[in-house]
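Please consult the sequence and the coordinates while reading.

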Amino acid sequence: MAAVIASRGHLVMGFDVNDRAVEAINQGRTPVAETGLAELIRANSERLQATSNLAEAVLRSDVTFVVVPTPSDANGGFSLQHAAVAFEGIGRALAGKSEYHLIVLTSTVLPGATRFGLLPILEAAAGKRCGDDFGLCYGPELIALGSVIQDLLNPDFKLVGQFDQRSGDGLEALYGSILVNGAPCSRMTIENAELTKIALNSYVTTKISFANMLAELCERIPGGDIDVVSGALGRDARIGRRYLTGALGYGGPCFPRDNHALSFLARELGVNAHLAEATEAVNDAIVGQIVERLGLEIDSGTRVAILGLAYKPGTPVVEASQAVSLARALAAAGAEVVAFDPLGGDEARRELGSEVLVVDTLHECVSDAEIIMITSPDPAFQGLGAEDLAADKTTVIVVDFWRILDPEAMTDRRIEYRAVGKSVNDGANSDRLLALWGLSFAESS
Ligand SMILES: NC(=O)c1ccc[n+]([C@@H]2O[C@H](COP(=O)([O-])OP(=O)(O)OC[C@H]3O[C@@H](n4cnc5c(N)ncnc54)[C@H](O)[C@@H]3O)[C@@H](O)[C@H]2O)c1
């Protein structure tokens, strides 16, 4: 955010409790891995600085965005511990500032957290009142790792949860100067914005779990093909094609916890949480069902290759990754699991320890594998052919969760190809439907 805002001509002063992040920014380096970020920081270093002195950052700026972690707590909500520290520090700085200042909370929180959890800390530390002396907004970012810069500059819309008109006007004007695509602002109360933010992610997870249920159904009907079904479904303007692919479940730092937090909120407020809970239950069951669903025999020592460990392509992040859970589950079932990811190898090694061998090349990963699972639609795996996967083998099972391989290339006699979401055994699937419908017809006639 700091680099993107600087790239649009603003002077930005970052503050972080982590001195390494401050140092990196001041040396023109990126403290985190993200597409295009190193270049953006370098190109805008004259407008982008960082400090370890929060008061300095507040005194020398007009607006403060608070983007600290809000980790999931034991109840399923979001912890405000870091945000509370930040708000107290900002409040102390505001005590010594005479000009109006706008504070924008960007971190993901649940409804009520900003106004009832954090604002009192700010007002007490500042000895001032919100609305009179300073403004407050909830302004989350609707971004995805790997495309953060693009998403920040070209969102579908911006959410502005405003304490009052003046606060919202300030944030909308600032967004207007940052956005490239002139996206509209949806302005609302702070609580409505807090709910909208997690509702967005929760809705997408619902769509993913729904598509994964359809994919499983497709595997059990003759000629079943999730791409055909979701391609047609997606043409309906009420539905849309995105997130209907039907493959592995969702993962990463946001989707699972946001949906989980929505169900926590619903329960706490006496609202039925079944829908969000069902979405999560479907997602959590996927890894456990895979081996059974695909009819794979995993004997002790079966060598299984996993291609893709990050929770999605284009990022090294393995947090809540379905592929990591799958690797772990297969290892626990006795398989000898070897895995590769173009970006996430180091993070996966730290996460998986000695349970799974994470290797540095695709070739090393697949060379002796009896089963190869392609768990990510990463472009690095898209063009793989028979020689890449079956060289020096008499037989190999290839499981393609995202159906990214060319089916023609998989007709090689050494390869048993399983595309997830497509009927594997039309004969057995026909028999199952015959048993269902033939019987009911016989009964009714
Ligand atoms: N990563 C995403 O794609 C994404 C998307 C939407 C929303 N969010 C939300 O944004 C928030 C931040 O997420 P993130 O991924 O950037 O987290 P992160 O852990 O990568 O980075 C947070 C930074 O905050 C710093 N920090 C911690 N306490 C601080 C304090 N008191 N004062 C100043 N700095 C402090 C940390 O040192 C770290 O550099 C979370 O609420 C998250 O849910 C993240």
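Q: Is F255 buried or exposed?
A: This is a predicted model, in which local features need pLDDT of at least 70, side-chain atom pairs count only at pLDDT 80 or more, and totals for chains, interfaces and linings use all residues. Residues are numbered from 1 along each chain as its sequence is written, and side-chain values use heavy atoms, with hydrogens and water left out. Buried means under 20% relative accessible area, exposed over 50%, and partly exposed in between (1.4 Å probe, protein chains only). Because its relative accessible area is 16%, F255 is buried.

Q: Which kind of aromatic pair do Y250 and F255 form?
A: Rings of Phe, Tyr and Trp (its six-membered ring) pair if their centres lie within 6.5 Å; planes under 30 degrees apart count as stacked, over 60 as edge-to-face and the rest as tilted. The centres of Y250 and F255 are 6.4 Å apart and their planes are at 85 degrees. The pair is edge-to-face.

Q: Why does Y250 count as buried?
A: Y250 belongs to a cluster linked by ring pairs, together with Y243 and F255. Y250 counts as buried because its relative accessibility is 4%.

Q: Which residue has a side chain in polar contact with the side chain of N429 at 2.9 Å, besides R432?
A: N429 is found in helix α18 (residues 426-444); helices (H or I, at least four residues) and strands (E, at least two) are DSSP runs, numbered from the N terminus. N429 counts as buried, since its relative accessibility is 3%. A polar contact is a pair of N or O atoms within 3.5 Å; within protein, one must be able to donate a hydrogen and the other to accept it, and residues adjacent in sequence count only if both atoms are side-chain atoms. The side chain of N429 makes such a contact of 2.9 Å with that of S423.

Q: What distance separates a polar side-chain atom of R257 from an oxygen atom of the ligand?
A: R257 is among the closest of the 19 residues that surround the ligand, where near means a heavy atom within 4 Å. A polar side-chain atom of R257 lies from an oxygen atom of the ligand at 2.6 Å.

Q: How far apart are the C-alpha atoms of A55 and R92?
A: A55 lies in helix α4 (residues 54-59) and is partly exposed, with a relative accessible area of 31%. Along the chain, A55 and R92 are 37 residues apart. Their C-alpha atoms are separated by 7.6 Å.
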